[in-house]
Amino acid sequence: MADHSDQQLSASEMVRAHTYPLLAAISTVSLLAITVLLIPQAVKTHRYNRCIDAQVQMRVAVNPQGATSPGKLNYLKAVEQCEGR
């Protein structure tokens, strides 16, 4: 860039020279913002999944037949419990 230090760029050349870095910076900032905004949803979903797993395990343990796989009713009751109904 030392050979261009004495030149004055026109307006269109300035726009052309700075468009890509500006768009890259906007893209980076927007991706970071999206990531930060999705953190609460990820935490909520993780806690919900842990609740479902704990409820299903509890219902399988209480089952007198000793079935190792959770049935559909066990899963539906676990969802009902975790959703607070």
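Student: Which residues does I52 touch, not counting residues up to four places away in sequence?

Tutor: Contact means heavy atoms within 4.5 Å. By that rule, I52 touches Y75, A78, V79 and C82. Before we go on, please note that this is a predicted model, where local features need pLDDT of at least 70, side-chain atom pairs count only at pLDDT 80 or more, and totals for chains, interfaces and linings use all residues. Residues are numbered from 1 along each chain as its sequence is written, and side-chain values use heavy atoms, with hydrogens and water left out.

Student: Thanks! How many helices and strands does the chain have?

Tutor: Helices (H or I, at least four residues) and strands (E, at least two) are DSSP runs, numbered from the N terminus. Here there are two helices and zero strands.

Student: Where in α1 does a kink lie?

Tutor: The bend at a residue is the angle between axes fitted to the seven residues ending there and the seven starting there. In α1 there is a kink of about 40° at T19, shortly before the proline P21.

Student: Which residues of α1 are buried?

Tutor: Buried means under 20% relative accessible area, exposed over 50%, and partly exposed in between (1.4 Å probe, protein chains only). In α1 the buried residues are I52, Q55, V56 and V60, and they pack against α2. Q55 counts as buried because its relative accessible area is 15%. Leaving aside residues up to four places away in sequence, Q55 touches A78, Q81 and C82. Across the chain, buried residues make up 9% of the 85 residues.

Student: Which residues make up the largest nonpolar core?

Tutor: In soluble globular proteins, nonpolar side chains tend to be buried together. A nonpolar core is a set of buried Ala, Val, Leu, Ile, Met, Phe, Trp, Tyr and Cys residues joined through side-chain atoms within 4.5 Å. The largest one here has six residues: I52, V56, V60, A78, V79 and C82. Both α1 (11-62) and α2 (72-83) supply at least two residues of this core.

Student: Is L76 buried or partly exposed?

Tutor: L76, in helix α2, is partly exposed, because its relative accessible area is 47%.

Student: Which side chains meet in a salt bridge?

Tutor: Side chains of opposite charge can pair when their charged atoms come close. A salt bridge is a side-chain nitrogen of Lys or Arg within 4 Å of a carboxyl oxygen of Asp or Glu. The structure holds one, between E80 and K77 (3.6 Å, N to O). Both residues lie in helix α2, three residues apart, about one turn of the helix.
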